[in-house]
Amino acid sequence: ELVRAYKGLPRTELEEGAQFLLKFNKEFGYKLVDKALTEEDKWFQDGFGETLHGTDKWGHPISLIKMSKLDLFKLSEKFPDTSKLTAPMARGLCALRRIKLGISAKAGYGVRKHVVIADLSGLSMYSFARKQKYAKALAMVPYQFFPDHVFKILLVNPSAVFNMIWAVAKLWVDEVTLKFVINLGTAERALPLWAKHGISLDCLPKHLGGRSEGVPILDISRQLAEYTAREENLKTSASESKKSRSE
């Protein structure tokens, strides 16, 4: 995944990427999703509001992020230290990673990536300008610790201001990243384009013209943690029962 993500980039960036992964594995690891949710996890994932909406025709899970729900001012009050955002942000990505492993097992082929639909309606450019370090911290978690994890990022409902900024910003974005970030325009303009990207109406969020209600990533994270806890309890009970019989 690391080599694929940094393909075409200087070797120094590949080596730096490897150091990021080593750091993540040492501090958290991808089994982070198996641990009980903390209050910070719940607060963050509820506020981030990411939802899952089935898969595209190739089997990639589809997640929706409503940028209007992301309040960087409240986030900065809750997490004065931006490094504390890593665990709650990574938990959601670990949950998606676990889902992709499950899809791969059923499909019989590897599904390594997922699709992100970023709904930009209601996006506060003011808060992003004032709280740039928090926006950057959120972006760096997937970039550093989950390389090669995104199939496409589909932007919908961008404002005129965003389009102006994006037109300039993309001149500095590397080609590897730029090739999978696609601006679809308004929800109305995007509606006939979803099929081209392998997304059926059954897996498209309702407010964008589809039929999917979606499942919060918070609920999925909670279910994964609860499942792991039940499995651990069953193992402990079985071990104690075996020990009792041998005595």
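Reply: Ser-63 stands opposite Val-116 in β3. The two strands involved are β2 (residues 61-66) and β3 (residues 114-119), which pair in the parallel sense over 5 bridges; strands are DSSP runs of E, at least two residues long, numbered from the N terminus, and two of them pair if DSSP finds at least two bridges between them. This is a predicted model: local features need pLDDT of at least 70, side-chain atom pairs count only at pLDDT 80 or more, and totals for chains, interfaces and linings use all residues. Residues are numbered from 1 along each chain as its sequence is written, and side-chain values use heavy atoms, with hydrogens and water left out.

Strands of a sheet pair through backbone hydrogen bonds, either parallel or antiparallel. Here 6 strands form an open sheet with mixed pairing, in the order β5-β4-β3-β2-β1-β6. β5 (181-183) and β6 (215-216) stand at the edges with a single partner strand each, so one side of each has no neighbour in the sheet.

Now the nonpolar cores, which are sets of buried Ala, Val, Leu, Ile, Met, Phe, Trp, Tyr and Cys residues joined through side-chain atoms within 4.5 Å; buried means under 20% relative accessible area (1.4 Å probe, protein chains only). The largest has 42 residues, of which Phe-44, Leu-75, Leu-85, Leu-138 and Phe-146 touch the most other members. Leaving aside neighbours within four places in sequence, Phe-146 is in contact (heavy atoms within 4.5 Å) with Phe-24, Tyr-30, Ala-90, Leu-93, Cys-94 and Val-141. Apart from this core lies another of 14 residues, including Leu-64, Val-156, Ala-190 and Trp-194.

Notes:
Buried means under 20% relative accessible area, exposed over 50%, partly exposed in between (1.4 Å probe, protein chains only). Helices (H or I, at least four residues) and strands (E, at least two) are DSSP runs, numbered from the N terminus.
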